[in-house]
Amino acid sequence: MPLSHPRRSALSEQVIAALRAQITSGEWPVGARIPTEPELVEQLGVARNTVREAVRALAHNGLLDIRQGSGTYVVATSELAGVMHRRFADADPGHIAELRATLESSAAKLAAVRRTEKDLKQLDALLLRREEAWQSGDAETFVTADTTFHLAVVAASHNDVMTAMYADLGEVLRDWLREDVGAELTPETYMDHTRLVDAIRAGEAEAAAVEAAGYPLACRPGRFTSPPG
């Protein structure tokens, strides 16, 4: 008689869904350490083994990283994002730059045509937050602000597939940006994005595309293992 796969209990599936919801909603952002096992047992009112099974399932799917002696951390916001992060963790940074340039250029071109007033207010707010993050001097704060801004540009394209794909690449792109800006913010890594927002606001699709395409490729000298293009 052939072996059959054991079915995961309905309770375990509910716990997995509850934990996943905390991640996808942003309640537990990427990089955050989730509550400890005893804390989750108390919050969810389930047995320790059920919590452990749920955490391991999400770790297997790439959303969580279990670090012995440190805790469990969020590393992706979806199963696909986890796969993307693992698949492209060691990719040539020049290739990541080319991917960013292609996606963001296409999205900016669409955003210039499709953006709403709400989109423009969001871009203005995130552009200001990005500037404030730079002025703070904290590299990780800037990485978060910059990637959030660029995701908003892509979202303003109102192409749901492109936006979802870009979001799933989020941690790959954040890793790329961390390497580019380095541990300390320096003047040579700063790029003003005002012209991109201005082009989107004015409906200048080609200008927006050119601006968006240029940023990823204008990284620090020597960053690429080989020249892009």
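Among contacts in the protein chain between residues at least 6 apart in sequence, what percentage join residues at least 24 apart? The value is 69%, where contact means heavy atoms within 4.5 Å.

Before going further, a word on the source. This is a predicted model, in which local features need pLDDT of at least 70 and side-chain atom pairs count only at pLDDT 80 or more, while totals for chains, interfaces and linings use all residues. Residues are numbered from 1 along each chain as its sequence is written, and side-chain values use heavy atoms, with hydrogens and water left out.

Let me begin with the overall build. The protein chain contains 11 helices and 2 strands; helices (H or I, at least four residues) and strands (E, at least two) are DSSP runs, numbered from the N terminus. Read from the N terminus, the order of elements is α-α-α-β-β-α-α-α-α-α-α-α-α. The C-alpha trace spans about 60 × 40 × 35 Å along its principal axes. Of the 229 residues, 42% count as buried, a term that stands for under 20% relative accessible area, with exposed for over 50% and partly exposed for in between (1.4 Å probe, protein chains only).

I turn to the strands. β1 and β2 run antiparallel and are joined by 4 bridges; two strands pair if DSSP finds at least two bridges between them. Arg67 stands opposite Gly71 in β2. The hairpin of β1 and β2 has 3 residues between the strands, and Gly69 there takes a positive phi near 80 degrees.

Next, the pockets. On a 1 Å grid over the protein atoms alone, a pocket is an open set of points with protein on both sides within 12 Å along at least five of seven lines, a cavity is a set of points where a 1.4 Å probe fits but cannot get out, and lining residues have an atom within 4 Å of a point. Grid points are joined across faces, edges and corners, and a volume is the space filled by probe spheres set on the points.

The largest pocket holds about 540 Å³ of space. It is lined by 23 residues, and those closest to its centre are Val30, Thr77, Thr148, Leu151 and Arg174. Two or more lining residues come from each of α1 (10-24), α7 (139-155), α8 (160-168) and α9 (170-181). By class, this lining has 10 nonpolar, 9 polar and 4 charged residues. Here Ala, Val, Leu, Ile, Met, Phe, Trp, Tyr, Cys and Pro count as nonpolar, Asp, Glu, Lys and Arg as charged, and the others, Gly among them, as polar.

The second largest pocket holds about 330 Å³. Of its 17 lining residues, Thr36, Glu37, Ile66, Gly71 and Thr72 are the closest to the centre. The elements that give two or more residues to this lining are α2 (37-44), α3 (48-60), β1 (64-67) and β2 (71-74). The lining comprises 5 nonpolar, 6 polar and 6 charged residues.

How many cavities of 30 Å³ or more does a search of the whole structure find? The search finds 1, and the volume of the largest cavity is about 130 Å³. Its lining consists of 16 residues, with Asp146, Leu177, Asp180, Met191 and Tyr215 nearest the centre. α7, α9 and α11 (205-217) each give two or more residues, and α9 gives the most, with 4.

Two of those residues bring us to Arg130, in helix α6 (residues 117-136). Is Arg130 buried or exposed? Arg130 is buried, because its relative accessible area is 4%. Leaving aside neighbours within four places in sequence, its contacts are Phe142, Ala145, Asp146, Phe149, Tyr190, Met191 and His193. A polar atom of the Arg130 side chain lies 2.9 Å from the backbone oxygen of Met191.

Finally, two loop residues. His158, in the loop between α7 and α8, has a positive phi of about 55 degrees although it is not a glycine. Most residues other than glycine have a negative phi. His158 counts as partly exposed, at 42% relative accessibility. Asp90 lies in the loop between α4 (79-87) and α5 (93-114), and is exposed, with a relative accessible area of 79%. The C-alpha atoms of Asp90 and Val172 are separated by 9.6 Å, although the two are 82 residues apart along the chain.

Terms used:
Polar contact = N/O pair within 3.5 Å; in protein donor to acceptor, adjacent residues only side chain to side chain.
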